[in-house]
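Hi,

Here is the structure I promised to pass on.

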Amino acid sequence: MEKPDLQLLEARIDALIQTCKQFADENKALRENQASLMSERATLIEKNTIARTRIEAMIAQLKSMEVGA
């Protein structure tokens with residue numbers, strides 16, 4: 001293999017290595033973002049459940065007040 005061919009091959013390999021590093025960094029950032037969103041989702045589901053329970057209790061209380069009136 002001639003020297004220019006070898007230099008071209010090295011340049012291409014370096015570019016591929018750089019691209020792989022970039023993809024690895026993006027992948028890490030996306031995984032961290034996904035973990036954050038999953039945590040936020042769990043928190044929102046919990047808050048929704050608490051709100052639903054409170055509303056159902058209020059409705060039951062109002063119905064019992066209706067029956068008593």
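**What I found**

Let's start with Q22, which sits in helix 1; helices here are DSSP runs of H or I with at least four residues, strands are runs of E with at least two, and both are numbered from the N terminus. Q22 counts as partly exposed because its relative accessible area is 43%, where buried means under 20%, exposed over 50% and partly exposed in between (1.4 Å probe, protein chains only). From the C-alpha atom of Q22 to that of A42, 20 residues along the chain, the separation is 30 Å.

Before going on: this is a predicted model, where local features need pLDDT of at least 70 and side-chain atom pairs pLDDT 80 or more, while totals for chains, interfaces and linings use all residues. Residues are numbered from 1 along each chain as its sequence is written, and side-chain values use heavy atoms, without hydrogens and water.

Now the whole protein. How much of the protein is buried? Buried residues make up 0% of the 69.

Last, L9: this residue is in helix 1 too, which covers residues 3-68. L9 is partly exposed because its relative accessibility is 38%.

Cheers
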